[in-house]
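Here is a short walk through one model. Keep the sequence and the 3D view side by side as you read.

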Amino acid sequence: SSRPRAGARRRPSPSWRAGAAASIDDLRAQGFASMPQLNGASVSVPGAVAGWSDLLEQATSGIIPFSGGTLRISLTPAMTVVDVDGYLPPLELAIAAAQAIAAAIICYDLSGSIVVDFPSLANKEQRLATAKAFDDAMNRQFGQQLAMRWERTAINGFGLMQCVRQRIFPSLCETLQSDPNGAKARALLRQIGRVHPPVPRE
């Protein structure tokens with residue numbers, strides 16, 4: 001049988017469930033107090049995930065822009081490393097990056113050991129503020145039921161933080177970067193699929 005075994009986790013589909021089938025009770029049962037911004041439940045039309053091609057390009061390159069800066073994701077055999085660059089003041093950049101990293105974790109299904117290199121912050125209060133921004137964003141993305149499936153260390157004086165998530169599947173970055181030729185071929189097929197056929201001449 002092609003059906004998943006009982007209790008098995010299903011990998012999220014880009015088509016997901018139609019928005020018309022969404023239920024407030026279901027969302028509340030998942031721990032959401034409001035409509036999540038980055039979740040299949042907020043997709044109104046199956047298969048119409050805006051920016052899907054951009055997301056795949058970012059997963060392939062590891063370069064993810066956000067308001068005020070850029071995340072650079074590097075894969076190693078032992079861990080995923082996220083470097084933060086940008087032009088905002090350090091605290092503003094760190095908080096914006098913390099929110100962007102939480103979004104990237106769910107978008108690209110980053111898991112295992114994830115080490116983040118934040119900009120150097122002036123004091124412990126700023127490091128705590130950045131950590132809180134990350135925690136809030138993670139809990140907002142995952143909901144209460146999944147909130148306990150990740151852990152993190154404190155941000156040290158060098159700006160380093162480690163986050164650990166249960167690893168079930170390779171991340172989207174790993175999947176695409178491990179087979180770049182296949183990823184390029186599939187990207188071309190998606191581009192071809194978006195081309196309208198010529199109008200037949202009478």
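Contact means heavy atoms within 4.5 Å. Setting aside neighbours within four places in sequence, aspartate 85 is in contact with Phe66, Gly69, Thr70, Arg72 and Leu93.

A word on the source. This is a predicted model, where local features need pLDDT of at least 70, side-chain atom pairs count only at pLDDT 80 or more, and totals for chains, interfaces and linings use all residues. Residues are numbered from 1 along each chain as its sequence is written, and side-chain values use heavy atoms, with hydrogens and water left out.

Back to aspartate 85. This residue lies in strand β3 (residues 80-86). Helices (H or I, at least four residues) and strands (E, at least two) are DSSP runs, numbered from the N terminus. The side chain of aspartate 85 makes a polar contact with the side chain of arginine 72, at 3.4 Å. Such a contact is a pair of N or O atoms within 3.5 Å; within protein, one must be able to donate a hydrogen and the other to accept it, and residues adjacent in sequence count only if both atoms are side-chain atoms. Aspartate 85 is partly exposed, at 34% relative accessibility. Buried means under 20% relative accessible area, exposed over 50%, partly exposed in between (1.4 Å probe, protein chains only).

Now move to serine 111. It sits in the loop between α3 (90-107) and β4 (112-117). Serine 111 is buried, with a relative accessible area of 6%. Not counting residues up to four places away in sequence, serine 111 touches Arg165, Gln166, Arg167 and Phe169.
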